[in-house]
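Please keep the sequence and the structure in view while reading.

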Amino acid sequence: MRILVISNLYPPYYIGGYELACKDVADGLRKRGHEISVLTSTYGIEKPTREDGIYRILNHYFGERPKRRFLSRIDSWKAGYFDWKNYRLTKRIIKQVKPDILYLWHLSDVSPSVMFAAESMKIPVVHHISGYWLESVVKNSRVASSGLKKYIKSITIYRNIRRLGLEHLIFVSERLRQSYIEGNVPLKDTRIIYHGVDTNQYPLSENHTSEDGVCKLLYAGRVSPEKGVRTIIEAISNLILKGYENFSLSIVGGGSSDYVSELQRLVEEKKQKKRVKFWGVQPRERVKDFFYNHDIFIFSSIWEEPFSIVLLEAMASGMAVIGTPVGGSKEILVDGENALVYSPGDSEALAEAIS
């Protein structure tokens, strides 16, 4: 089949696991003989491009949202124009590619207008739901720009979002699906398909004992408040009080410079600078190496994370795992069987699990 994948981001330009998973699925479909094209945003590049069946042309809002609560008139007009333009761009590419199926991935920070454009083409649409963005759009449905109402009347994005024929929805976890149901999002034909890990890419290693006697802890993922990295740093002080000395912590991933600096100051305050290293954003292949050079993987999220792929990658590699059973992770982690679990934000419980 000819499939057009539409996603807000697509590697090598990405922020987190959603986009990496999108490419994994697209590559998997391609290996099964399907003809895959991708429509995505211009995130990470200076101007729209088309290369190897990937159209990086959609407008996006990454890094552009004003900090104030309400949009100014200019911001409203800009948002309305982006919505209208993405609607037109989506229809144009669909007509050009002539797909048998439209596969809509994560469209946060692009525009719901893309969904309206997809449905208007009368081609089967499959939605892959891996986050809460669509639920938020439905809950806060409204016209973003009153000044452009007459120009986007055919789209009526926010006002008529509930009229979308949301059929054929793939959710990455049961918890995420329940969240949409609780939010009264109209759904039809839903199913759960968990992300998988290619064990050829992440072969099981039985040897995760450091030769130098230092137990190496690892966090890998976005460095932001809801990820609970602060809890790990606080747990280290508790480990010291328990008499543990031979351990280190690697923090792999990026986030806002202000928050990363805040965590670095916390490390200095607790006099743990020699034990903790911030590695920043690393290429995917390099992240894989960390799994085989460390002993314990810590999944510290304190929010209802839909599903954690990095958690599966750590498990597949053979690492010992400690994690919080929140969101979709509750469907993965089994305390005492494939992991040790602790309550989100509880640094003392995390220190006990590590010990």
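## Salt bridges overall

Across the whole structure, a search finds 17 salt bridges. The model is a predicted one, and a few of the pairs are described below.

Asp-27 and Lys-23 form a salt bridge in which the closest N and O atoms are 2.8 Å apart. The two residues lie 4 residues apart in helix H1 (residues 17–31), so that about one helical turn separates them. Asp-27 is partly exposed, with a relative accessible area of 23%, and Lys-23 is likewise partly exposed, with a value of 29%.

## A pair within helix H6

In helix H6 (residues 229–241), Arg-230 and Glu-234 are 4 residues apart, about one turn of the helix, and their side chains meet in a salt bridge with an N to O distance of 3.3 Å. Arg-230 counts as partly exposed at 32% relative accessibility, while Glu-234, with a relative accessible area of 25%, is partly exposed as well.

## A link between helices H8 and H9

Arg-284 forms a salt bridge with Glu-313, with 3.7 Å between the closest N and O atoms. This pair links distant parts of the chain, 29 residues apart, with Arg-284 in helix H8 (residues 284–293) and Glu-313 in helix H9 (residues 309–317).

Arg-284 is partly exposed at 25% relative accessibility, whereas Glu-313, at 9%, counts as buried because its value falls under the 20% cut-off.

Notes. Residues are numbered from 1 along each chain as its sequence is written. This is a predicted model: local features need pLDDT of at least 70, side-chain atom pairs count only at pLDDT 80 or more; totals for chains, interfaces and linings use all residues. Side-chain values use heavy atoms; hydrogens and water are left out. A salt bridge is a side-chain nitrogen of Lys or Arg within 4 Å of a carboxyl oxygen of Asp or Glu. Buried means under 20% relative accessible area, exposed over 50%, partly exposed in between (1.4 Å probe, protein chains only).
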